[in-house]
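Dear colleague,

I am passing on a structure that you have not worked with before.

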Amino acid sequence: MSLITQPFKALIIGSSGAIGSAFVDVLQNTPNCTEVIGIHRHSTISIDYQNPDSIAQAAVALAGHGTFQLIINTIGVLHSEKWMPEKRLESLNFDQLTEQFNINTIGPALTIKSFSRLLDPKYAMMVTLSARAGSIEDNQLGGWYSYRASKAALNMIIKTAAIELRRTKPNVALIAMHPGMVNSSLSKPYGGESMGQSPKAAAQQMLDVVKNLSIEQSGSFISHENEILTW
Ligand SMILES: NC(=O)c1ccc[n+]([C@@H]2O[C@H](COP(=O)([O-])OP(=O)(O)OC[C@H]3O[C@@H](n4cnc5c(N)ncnc54)[C@H](OP(=O)(O)O)[C@@H]3O)[C@@H](O)[C@H]2O)c1
């Protein structure tokens, strides 16, 4: 079974963002996607990683919509009004580390916990956007301490949960996905505007990869170009 051949329902978490909103657009024009729901901080059913209770509440509120065959979580943060990615050890600070881990690791982990019960036990994929910058082996440049560490920890959560679900929900896959460099407010200060691809092209490319994944690939770290990335 795959998402190419069967009708499927999709849920996009973080649908206010560049990549999240592009996923909604692309899925609305995907013939066998019968329904796509997007949620974000300000949607009717809202999810805010600064308020962890909102995660379980959103999952409960969505339960009436039945199960989903595809859930994609795009929430993530790299910089804020108060801080930019750290270039040196000297720049490490408690607030930035805490916020990056809250939004890039703890929020997505609790989302996997609460939203996995919305996945169709007969066949479903839950994709969480990670980043190649979170690969420990691929880290050649250093810097970006809290972003890299929070995405590396996210990858471990996904891998660990995938092992558990292989036993309890054998037809459900969890995937960590790197979207490539995409033009968005997240990447803009780092060349995303000139070097990144459009959110729509990235969403289409990732969807094409996801549609061809098998359940056996659960617990993998995969790029928008279908490359298996090292942890
Ligand atoms: N763009 C790239 O080049 C690139 C590269 C590698 C990985 N990624 C990953 O791809 C994902 C999407 O990035 P993007 O480029 O689409 O960035 P974006 O346009 O800035 O979107 C980020 C999303 O995260 C949401 N968000 C931020 N803080 C939140 C919080 N506390 N609670 C709930 N939602 C929150 C934003 O909601 P609001 O609209 O309410 O702020 C928005 O929906 C991220 O996980 C990022 O790490 C992106």
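This is a predicted model: local features need pLDDT of at least 70, side-chain atom pairs count only at pLDDT 80 or more; totals for chains, interfaces and linings use all residues.

Residues are numbered from 1 along each chain as its sequence is written, and side-chain values use heavy atoms, with hydrogens and water left out.

The ligand is surrounded by 28 residues, the closest being Ser-16, Arg-41, Tyr-147, Val-182 and Ser-184 (a residue is near if one of its heavy atoms lies within 4 Å). This shell divides into 13 nonpolar, 12 polar and three charged residues, with Gly counted among the polar ones and Tyr among the nonpolar. Helix 1 and helix 4 (145–168) each supply at least two residues of the shell, helices being DSSP runs of H or I with at least four residues, and strands runs of E with at least two.

A backbone N or O atom of Gly-14 lies 3.2 Å from an oxygen atom of the ligand, and for Ala-18 the corresponding distance is 2.8 Å (a polar contact is a pair of N or O atoms within 3.5 Å). A polar backbone atom of Val-182 is likewise 2.8 Å from a ligand oxygen. Taken alone the ligand exposes 900 Å², of which the protein buries 88% (Shrake-Rupley method, 1.4 Å probe).

In helix 6 (residues 199–211), the buried residues include Pro-199, Ala-202, Met-206 and Val-210, where buried means under 20% relative accessible area.

Best regards

Notes
The expected span of a helix is 1.5 Å times one less than its number of residues. Buried means under 20% relative accessible area, exposed over 50%, partly exposed in between (1.4 Å probe, protein chains only). A polar contact is a pair of N or O atoms within 3.5 Å; within protein, one must be able to donate a hydrogen and the other to accept it, and residues adjacent in sequence count only if both atoms are side-chain atoms.
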